[in-house]
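Dear colleague,

I am handing over the structure below, together with some notes on what came out of going through it. Please read the notes with the coordinates open beside them.

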There are 2 protein chains.
Amino acid sequence: MEVELKELLNDLQSLKKSISDPSDLALIDKMHLHVENIATLEKSGTTCRSKVKDMSAEVVDSNPYSRLMALQRMGIVDNYERIREFSVAIVGIGGVGSVAAEMLTRCGIGRLLLYDYDKVELANMNRLFFRPEQVGMTKTDAAVQTLSEINPDVVLESYTLNITTVEGFDTFMSSLTNKSFRTTKSDSGVDLVLSCVDNYEARMVVNQACNELNQTWMESGVSEDAVSGHIQLLIPGETACFACVPPLVVASGIDERTLKREGVCAASLPTTMGYNALKDYFPTMEMKPNSQCSNTACLERQKEYILAKPTRDAAAKAKADSEALSVAENPVHADNEWNISVVDDDEVDGADVRNSGVLPEGIVHELPVADEYPKQPITEAVGPADDLEELRRQLEALNAD
Amino acid sequence: MEVELKELLNDLQSLKKSISDPSDLALIDKMHLHVENIATLEKSGTTCRSKVKDMSAEVVDSNPYSRLMALQRMGIVDNYERIREFSVAIVGIGGVGSVAAEMLTRCGIGRLLLYDYDKVELANMNRLFFRPEQVGMTKTDAAVQTLSEINPDVVLESYTLNITTVEGFDTFMSSLTNKSFRTTKSDSGVDLVLSCVDNYEARMVVNQACNELNQTWMESGVSEDAVSGHIQLLIPGETACFACVPPLVVASGIDERTLKREGVCAASLPTTMGYNALKDYFPTMEMKPNSQCSNTACLERQKEYILAKPTRDAAAKAKADSEALSVAENPVHADNEWNISVVDDDEVDGADVRNSGVLPEGIVHELPVADEYPKQPITEAVGPADDLEELRRQLEALNAD
């Protein structure tokens with residue numbers, strides 16, 4: 001639209017030069033104003049909220065951070081505003097990466113680095129984030145468009161490249177080590193790398209970069225049938241790296257592209273969040289590093305981690321000591337504004353809870369405690385019944401069969 | 001912008017009438033074309049993809065349903081396209097309701113009914129979905145704008161009203177019972193109601209409506225500190241209704257509005273999905289209906305559920321019988337294209353797995369099985385070490401202390 005508006009302004013200027021009638025000239029000036037208004041409206045559609053200098057906890061409808069700063073008041077985080085100091089790199093702006101980017105943007109993260117080489121397609125519309133009018137744009141450009149509209153406070157850097165190429169990897173590494181945003185970090189210029197890619201080759205590349213940079217990262221994946229997935233936290237030297245326990249297809253050296261079949265695509269859903277949805281099951285496990293890992297940088301990090309053990313132990317001991325001291329000074333729950341107290345399970349029976357002083361004045365349990373509920377005798381008779389209690393008894397008898 | 005474009009066209013026509021020079025007239029025609037292009041671009045920004053008549057499984061980038069139809073090919077759903085027959089009502093278009101609406105829209109749900117009386121504020125920008133340029137719009141209007149852009153195939157109905165008022169409740173009930181979209185249902189005109197509200201009064205109203213209509217619904221909520229939440233499935237008569245085990249504040253008859261403190265708002269996060277995030281814990285439980293529930297409609301549904309037990313039992317038996325028959329006819333895993341077979345745990349030891357024919361030809365395990373790994377003797381000596389194995393042994397020795 002910018003091009004059309006520019007051409008329109010040029011035409012108006014040409015016309016103005018060849019015209020002398022005062023009323024016609026007035027008309028042209030009026031049209032000029034309309035075109036400028038359209039340009040302003042068009043622009044305001046893309047950046048609509050102004051930047052916010054300080055995150056305020058003020059509870060007003062116009063404060064985009066009030067519900068986030070409330071996390072600090074409620075003791076969930078110590079200093080919410082520190083989020084502005086953090087940089088997160090997201091590799092792969094697909095179904096997982098785009099939503100992670102949007103969440104971090106709405107939370108007010110300091111800086112996001114986005115990597116993808118793909119374009120938005122209508123086939124991506126079954127996942128959140130991208131909109132049909134963005135079809136044909138690169139995923140990085142479309143993401144920057146949407147994210148900068150949502151929160152202009154976030155510093156966005158986008159890299160339209162494939163990290164598995166030699167050139168792409170070089171740019172990936174130099175962008176991760178660029179410390180212009182914050183200078184307190186040692187090896188890397190970012191605080192976290194999120195791997196949100198859809199193939200093993202790219203995961204191995206992220207693994208390589210993070211092992212070299214001693215960079216903590218998270219790996220994610222969605223199963224081909226869209227109803228399960230995984231999330232993995234990788235801390236170089238401390239946990240297994242992606243090459244320590246490689247997927248079978250990687251270990252066997254098979255080119256994963258040969259496994260894809262013509263005319264077949266993986267399923268995906270907007271809901272898939274990384275667990276077995278059909279079984280409502282989210283297993284967790286810890287994986288120690290493999291001392292025979294094929295990745296040299298991983299072996300280096302393992303060595304450093306082991307050598308740093310005395311320092312870690314001393315820090316842990318100091319923390320435990322200081323916490324023990326603070327507990328001794330401040331007894332837990334002696335008196336608090338929420339009237340919450342810890343009661344030993346053994347000391348509680350239904351009658352005690354109902355009649356004890358645990359509930360605020362004027363509030364009583366309307367329903368008896370489950371244990372107190374009169375046990376109904378099991379009856380074998382099934383016949384016409386009009387009383388709900390009778391029906392309930394019959395159902396229980398049938399279920400007991 | 002529409003107004004500005006219209007004025008611009010009017011001005012161009014006036015100018016054309018008062019001008020005779022052919023080159024000026026040509027310029028005016030050219031400008032006319034630019035204005036029309038701008039109008040088209042502006043319009044295409046709001047509805048960009050055309051409607052899709054049939055959901056196709058064709059694997060092309062321009063098919064918005066290919067990744068969803070893949071669920072059918074992979075055996076996750078029997079007939080994906082049936083989603084177009086379903087209606088879902090969402091009460092409360094806030095942080096939970098808006099995302100549920102977007103997910104259902106992207107999945108291609110048949111019809112969505114949206115209820116909210118609130119307006120979009122900048123303070124809502126910490127949750128997904130709404131954009132800063134929608135501030136000031138009603139949440140229903142903003143949702144319809146975004147959702148119709150994302151998927152024009154979905155029938156959207158929006159109701160800007162408060163369901164807890166007498167008038168609002170009447171409209172709520174009549175919209176739920178309207179069967180114009182699909183006529184096979186008995187009491188209700190929708191398949192599912194999602195309660196995504198932020199107060200108990202509204203939850204009790206949804207409960208009342210669903211008990212009266214014998215309508216299955218889901219209740220959701222996020223804790224005040226944003227790091228835990230709950231989801232509850234309510235099937236009238238079969239599970240506890242919201243009044244069967246009322247929250248303390250409801251049971252005690254306290255006006256919840258008196259509990260809110262001046263200048264204090266609840267925290268919220270874009271990530272909160274209904275579990276205890278800090279403890280990574282998602283407890284589940286079943287709640288049977290309370291035969292002494294204060295809700296008369298709930299008692300009616302309980303009675304119907306008990307009376308229908310013989311029918312349910314017969315259906316369950318018929319299903320079990322037919323499944324047993326199909327298992328007998330088709331032995332599981334006799335031979336399948338994935339080369340997956342079920343092996344009894346007892347029959348497996350490390351060597352067997354590595355040398356057996358379970359792995360495809362050419363693939364061998366690079367790492368030994370955990371049980372086979374040589375156990376290291378625990379050593380007390382800690383000294384300079386340059387070999388990773390030695391360091392690892394020392395770490396283990398230290399950890400064993």
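This is a predicted model: local features need pLDDT of at least 70, side-chain atom pairs count only at pLDDT 80 or more; totals for chains, interfaces and linings use all residues.

R84(A) counts as partly exposed because its relative accessibility is 22%, whereas D153(A), at 17%, counts as buried.

In chain B, R111(B) forms a salt bridge with E157(B), and there the closest N and O atoms are 2.7 Å apart. R111(B) lies in strand β2 and E157(B) in strand β3 (residues 155–160) of chain B, so this pair ties together parts that are 46 residues apart in sequence. Both R111(B) and E157(B) are buried.

Another salt bridge in chain B joins the side chains of K319(B) and E323(B), at 3.6 Å from N to O. These two residues are 4 apart in helix α10 (residues 309–329) of chain B, which means that about one helical turn separates them. K319(B) counts as exposed, with a relative accessibility of 54%, while E323(B), with a relative accessible area of 43%, is partly exposed.

Turning to the strands of chain B, β1 (residues 87–91) is mostly covered, 5 of its 5 residues being buried. S87(B), A89(B) and V91(B) point one way from β1(B), while V88(B) and I90(B) point the other way. Strand β1(B) runs parallel to β2 (residues 111–116) of chain B, to which 5 bridges join it, and I90(B) stands opposite L114(B) in β2(B).

The interface between the two chains comes last. Here 109 residues of chain B are in contact with 108 residues of chain A, and the area buried between chain B and chain A is about 10000 Å², of which carbon and sulfur atoms give 68%. R67(B), R106(B) and L388(B) supply 7% of the area that chain B buries against chain A, more than any other three residues.

As for polar links, the rule finds 18 residue pairs in polar contact across the interface of chain B and chain A, both residues being at pLDDT 80 or more, and helix α2 (residues 22–44) of chain B gives the most to the side of chain B that touches chain A, with 11 residues. The rule also finds 4 salt bridges across this interface. One salt bridge is formed by K30(B) with E7(A), where the closest N and O atoms are 4.0 Å apart, and a network of salt bridges links E7(A), D11(A) and K30(B).

With best regards

Conventions:
Residues are numbered from 1 along each chain as its sequence is written. Chains are lettered from A and ligands numbered from 1 in the order in which they are written. Side-chain values use heavy atoms; hydrogens and water are left out. Buried means under 20% relative accessible area, exposed over 50%, partly exposed in between (1.4 Å probe, protein chains only). Two strands pair if DSSP finds at least two bridges between them. Contact means heavy atoms within 4.5 Å. Buried area is the accessible area (1.4 Å probe) that two parts lose on being put together, summed over both. A polar contact is a pair of N or O atoms within 3.5 Å; within protein, one must be able to donate a hydrogen and the other to accept it, and residues adjacent in sequence count only if both atoms are side-chain atoms.
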